[in-house]
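Biologist: Can you walk me through this one? I've only just opened it.

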Amino acid sequence: MDQDLFFSEIELQFQKQLPFVAYRKPNQSQVDLLLQRTNDLHEVESYQESGFVFAPFKLEEKAILFPFTDCESLSLLGYNTEIQETFQGTSNTSKSDMLDHMALVERAVETMVQEGEFKKVVLSRKEVVKTDDINPVTVFKNILSFYDGAFCYIWYHPQVGLWLGATPETLLQVSRNKFSTMSLAGTQRFKDTLEVEWGEKELEEQQIVTDTIVEAIKNVIPKIEVSKTKTHQAGSLLHLKTDISGILKPSSLQLKDLVEALHPTPAVCGLPKNRAKKFILENEHYQRTYYTGFLGELNKGEVQERNRNRRNVENSAYRSSSKNTHFFVNLRSMECLNNEVHLFVGGGITTSSNPLAEWQETVFKTETMKQVL
């Protein structure tokens with residue numbers, strides 16, 4: 001499809017205040033677009049549905065669904081252009097914000113050392129950038145240009161809001177009887193090479209994440225394979241990554257149970273999960289909402305015939321008996337709200353964490369996100 005027409009469809013849908021999502025999977029060229037025909041708010045009930053899911057951090061709250069059957073589908077084969085300046089804005093980050101975040105990290109370390117209720121907790125913060133002029137579609141184009149190896153998206157529902165992001169982390173992927181996920185932890189700047197040294201804190205955090213995921217899914221996955229840990233690039237940042245996979249018996253797969261076993265992962269919450277989550281909800285000074293939730297395709301059946309869009313752009317039909325699910329953790333994300341852009345960043349805290357270093361890590365992450373702004 002013509003590139004200009006593709007993005008004009010997004011802008012037109014946004015002007016009509018109708019739900020849509022445009023997204024590109026990691027290391028792929030195709031950008032997919034779903035345009036929901038009405039502004040109805042659909043929710044996921046059983047994970048037997050089929051559509052695009054947008055889920056919050058709190059799993060007890062309902063996930064939003066764009067049903068494939070209620071959406072028109074378009075695709076763009078490839079997008080490549082230079083980063084564009086989108087708006088002039090000012091950040092409200094101050095020294096008091098830095099001190100507050102450092103105090104939060106100190107409180108978490110003290111709790112782990114003195115009470116031992118959890119081994120790790122992921123603490124985050126929100127940075128507000130004020131602006132009078134922002135074009136979300138241009139921001140999305142910049143995200144596509146900057147993050148080749150991430151899941152890039154722009155998502156909108158008039159009853160929920162407008163979100164954009166580029167996440168490097170898969171929550172889970174199921175194709176036929178093959179299941180896969182990953183553990184992701186640690187952050188440092190990319191400086192022209194993947195051959196870098198990692199500190200004890202980052203290596204410890206990564207091993208904790210990996211072990212916890214394996215423990216959570218071992219009753220669902222008959223046989224689990226764990227790869228060697230490697231350095232993974234996401235934009236201008238590097239992370240530690242371990243791939244985890246297994247073969248499922250078709251009769252044993254209960255997708256809802258698998259999602260609940262994995263989410264929230266140690267990479268966005270901590271462990272033990274429930275105790276770390278309790279600390280987050282009681283001590284973080286804002287509501288994460290959809291940050292550190294998850295999003296992606298649910299039960300996308302290739303047996304379905306793609307809709308023809310109202311511009312008569314051809315979308316080929318394709319046939320298979322399989323259904324594919326691919327969810328990504330909603331990291332490196334932002335929410336556009338009135339004349340503000342809310343940037344969300346965080347980091348894993350263990351007993352060896354340094355409060356100042358943890359603050360600086362969040363600054364690195366916001367600097368990366370601001371490059372697309």
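Biologist: Where does Pro272 sit?

Modeller: Pro272 is in the loop between strand β16 and helix α6. Helices (H or I, at least four residues) and strands (E, at least two) are DSSP runs, numbered from the N terminus.

Biologist: Is the peptide bond from Leu271 to Pro272 cis or trans?

Modeller: The bond from Leu271 to Pro272 is cis, with omega near -10°. Another cis peptide bond joins His263 and Pro264, where omega is about -10°. Pro264 belongs to the loop between α5 (255-262) and β16. In general, most peptide bonds are trans, and most residues other than glycine have a negative phi.

Biologist: Before I go on, what sort of model is it?

Modeller: The model is predicted, so local features need pLDDT of at least 70 and side-chain atom pairs count only at pLDDT 80 or more, while totals for chains, interfaces and linings use all residues. Residues are numbered from 1 along each chain as its sequence is written, and side-chain values use heavy atoms, with hydrogens and water left out.

Biologist: OK. Which residues have a positive phi without being glycine?

Modeller: Thr289 has a phi of about 50°, and Asn338 has one of about 55°. Thr289 is in the loop between α6 and β17, and Asn338 is in the loop between β19 (333-337) and β20.

Biologist: Is Asn338 buried or exposed?

Modeller: Asn338 counts as exposed, at 74% relative accessibility. Thr289 is partly exposed, with a relative accessible area of 37%. Buried means under 20% relative accessible area, exposed over 50%, and partly exposed in between (1.4 Å probe, protein chains only).

Biologist: Back to α6. Which of its residues are buried?

Modeller: In α6 (residues 273-283), the buried residues are Ala276, Lys277, Phe279, Ile280 and Asn283. They cover an arc of only 160° around the axis, so they lie on the same side of α6. The arc is taken from the directions from the helix axis to the C-beta atoms. On the other side of α6, Asn274 and Glu282 are exposed.

Biologist: What do the buried residues of α6 pack against?

Modeller: They pack against α2 (95-114), β8 (120-131) and β16 (270-271). Contact here means heavy atoms within 4.5 Å.

Biologist: New topic. How many aromatic pairs are there?

Modeller: A search of the whole structure gives 23. One of them is the stacked pair of Phe151 and Phe328, at 4.3 Å centre to centre with 15° between the planes. Phe151 is in strand β9 (residues 151-157) and Phe328 in strand β18 (residues 323-329), so the pair ties together parts 177 residues apart in sequence. Phe294 and Phe327 make a tilted pair, at 5.1 Å centre to centre and 40° between the planes. Phe294 is in β17 (residues 294-301) and Phe327 in β18, so this pair links parts 33 residues apart in sequence.

Biologist: What are the cut-offs for a pair?

Modeller: Rings of Phe, Tyr and Trp (its six-membered ring) pair if their centres lie within 6.5 Å; planes under 30 degrees apart count as stacked, over 60 as edge-to-face and the rest as tilted.

Biologist: What about pockets? What volume does the largest pocket have?

Modeller: About 540 Å³. The largest pocket is lined by 30 residues, and nearest its centre are Lys25, Gln28, Gln173, His326 and Phe328. The largest share of its lining, four residues, comes from β15.

Biologist: How are pockets and cavities defined?

Modeller: On a 1 Å grid over the protein atoms alone, a cavity is a set of points where a 1.4 Å probe fits but cannot get out, and a pocket is an open set with protein on both sides within 12 Å along at least five of seven lines; lining residues have an atom within 4 Å of a point. Grid points are joined across faces, edges and corners, and a volume is the space filled by probe spheres set on the points.

Biologist: How many cavities of 30 Å³ or more does that give?

Modeller: Two. The largest cavity holds about 250 Å³. It is lined by 22 residues, and Thr187, Ala267, Leu331, Gly346 and Lys365 are the closest to its centre. β20 gives the most to this lining, with five residues.
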